[in-house]
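This report covers helix packing, the nonpolar cores and a few loop residues. The structure is shown below.

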Amino acid sequence: MTSGRSTAQRWVVFGAAGMLGQDLVAAARGAGHEVAGIRRSDVDITDASRVLDAVVGHDVVVNCAGWTAVDDAETHEAEAFAANATGPAHLARAAAASGARLVHVSTDYVFDGGATQPYAEDAPVDPRSAYGRTKAAGEWAVRAYAPDALVVRTAWLYGAGGKCFPQTIARVAGERERLSVVDDQTGQPTWTADLADLIVRLVAARAPGGLYHGTASGQVTWHGFAREVVAAAGLTTPVDPTTSAAYQLPAPRPAYSVLGHDRFREVGVEPIGDWAERWKEAAPTVLGTR
């Protein structure tokens with residue numbers, strides 16, 4: 001994929017040190033935009049005045065920041081709420097006040113995970129975890145304070161710029177005689193470089209505000225994805241299927257995290273391609289074998 005080019009704009013990306021943030025800064029600069037990358041050490045998004053100062057003078061504001069420790073959120077929901085709801089509310093107010101376009105990154109955890117068909121963008125939210133509740137609250141705040149904001153839900157992210165499932169699987173597969181990976185959770189592995197490109201194209205298309213689903217197409221279980229990762233790493237380690245019940249984790253995981261992409265097609269923006277094809281393209285970069 002290649003990012004669509006448009007008139008150069010001034011972008012500011014919050015959460016620029018994260019896996020997605022790094023790729024988004026690169027993608028926006030590659031499209032000819034002037035980009036400021038904001039790390040948490042630069043600006044805490046729960047500080048309204050600092051957020052406003054950082055947003056002023058920019059045309060596009062992207063929020064990749066937030067509390068992403070899903071299990072820790074179960075016992076630190078207030079702190080997760082501050083990062084995932086209060087912070088985005090500050091960003092939305094600041095963007096609206098300065099006339100900037102806000103892109104807010106959200107998650108599949110806002111859904112209950114009990115579906116059998118891809119979740120539509122307008123499907124009712126019903127989060128089952130503290131993390132999901134705080135992210136759903138963040139979506140509400142963003143849409144309330146910045147109605148033209150683009151809220152992009154994503155899931156199962158992996159990339160070269162941070163710890164991720166493929167890197168962990170490849171490392172462990174090289175250390176053990178066999179692996180066990182859950183086969184009762186289904187989703188769409190999504191390369192952060194692809195999502196970054198998609199966001200740049202969505203902004204360039206001047207898409208109407210609202211909800212969008214930024215994941216790769218198709219679907220697979222974690223077990224199926226792990227087998228592809230092991231093969232891409234050039235290993236032959238057996239990968240056995242197991243169930244979520246085998247892992248006692250504080251936060252429930254959605255059993256079904258497949259998101260539909262109709263809204264992108266409606267606004268004339270091509271969604272990300274099939275997850276398996278994109279993984280073949282991404283693997284050398286993500287696993288460091290290129």
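Is the crossing of H5 and H9 right-handed or left-handed? The crossing of these two helices, H5 and H9, is right-handed. The answer applies to a predicted model.

**Helix pairs**

| Pair | Angle between axes | Axis separation |
|---|---|---|
| H5 (165–173) and H9 (275–287) | about 65° | 10 Å |
| H1 (19–30) and H6 (192–204) | about 50° | 8 Å |
| H3 (77–98) and H4 (130–145) | roughly 15° | within 8 Å |

Angles from 65 to 115 degrees count as roughly perpendicular, and H5 and H9 are therefore placed in that class. Residues Pro166, Gln167 and Ala170 of H5 meet Trp279, Val286 and Leu287 of H9. By class, the residues of this contact are five nonpolar, one polar and no charged.

H1 and H6 are oblique to each other, and H1 passes H6 in a right-handed crossing. On the H1 side the contact involves Met19, Leu20, Asp23, Leu24, Ala27 and Ala28, which meet Thr192, Ala193, Leu195, Ala196, Asp197, Ile199 and Val200 in H6. The residues of the contact of H1 with H6 comprise 10 nonpolar, one polar and two charged.

The contact of H3 with H4 has 13 nonpolar, three polar and four charged residues.

**Nonpolar cores**

Which residues touch the most other members of the largest nonpolar core? They are Trp11, Leu24, Val103, Tyr158, Leu202, Phe225 and Trp279, in a core of 55 residues. Helix H6 gives the most to this core, with seven residues.

Apart from neighbours within four places in sequence, leucine 24 is in contact with Trp11, Val13, Val62, Cys64, Ala196, Ile199 and Val200. A second, separate core has 21 residues, including Val12, Ala95, Val151 and Leu211.

**Loop residues**

Most residues other than glycine have a negative phi. Tryptophan 156 has a positive phi, near 50°, and lies in the loop between strand E5 (150–154) and strand E6 (157–158). Its relative accessibility is 12%, so tryptophan 156 counts as buried.

Arginine 206 has a positive phi too, near 55°. Arginine 206 sits in the loop between H6 and strand E10 (210–213). Is arginine 206 buried or exposed? The relative accessibility of arginine 206 is 67%, so arginine 206 counts as exposed.

Threonine 236 lies in the loop between helix H7 (222–232) and strand E12 (239–242). Because its relative accessibility is 75%, threonine 236 counts as exposed. The C-alpha atom of threonine 236 is separated by 19 Å from that of valine 286, 50 residues apart along the chain.

How values were computed: Residues numbered from 1 in each chain as written. Predicted model: local features only at pLDDT ≥ 70, side-chain atom pairs only at ≥ 80, totals over all residues. Heavy atoms only, no water. Helix = DSSP H or I, 4+ residues; strand = E, 2+ residues; numbered from the N terminus. Buried < 20%, exposed > 50% of the residue type's maximum accessible area, 1.4 Å probe, protein only. Axes fitted to C-alpha atoms, helices over the stretch in contact; angles between N-to-C directions. Parallel < 35°, antiparallel > 145°, perpendicular 65-115°, else oblique. Left-handed = near helix turned anticlockwise from the far one by under 90°. Contact = heavy atoms within 4.5 Å. Nonpolar A, V, L, I, M, F, W, Y, C, P; charged D, E, K, R; others polar. Core = buried A, V, L, I, M, F, W, Y, C linked by side-chain atoms within 4.5 Å.
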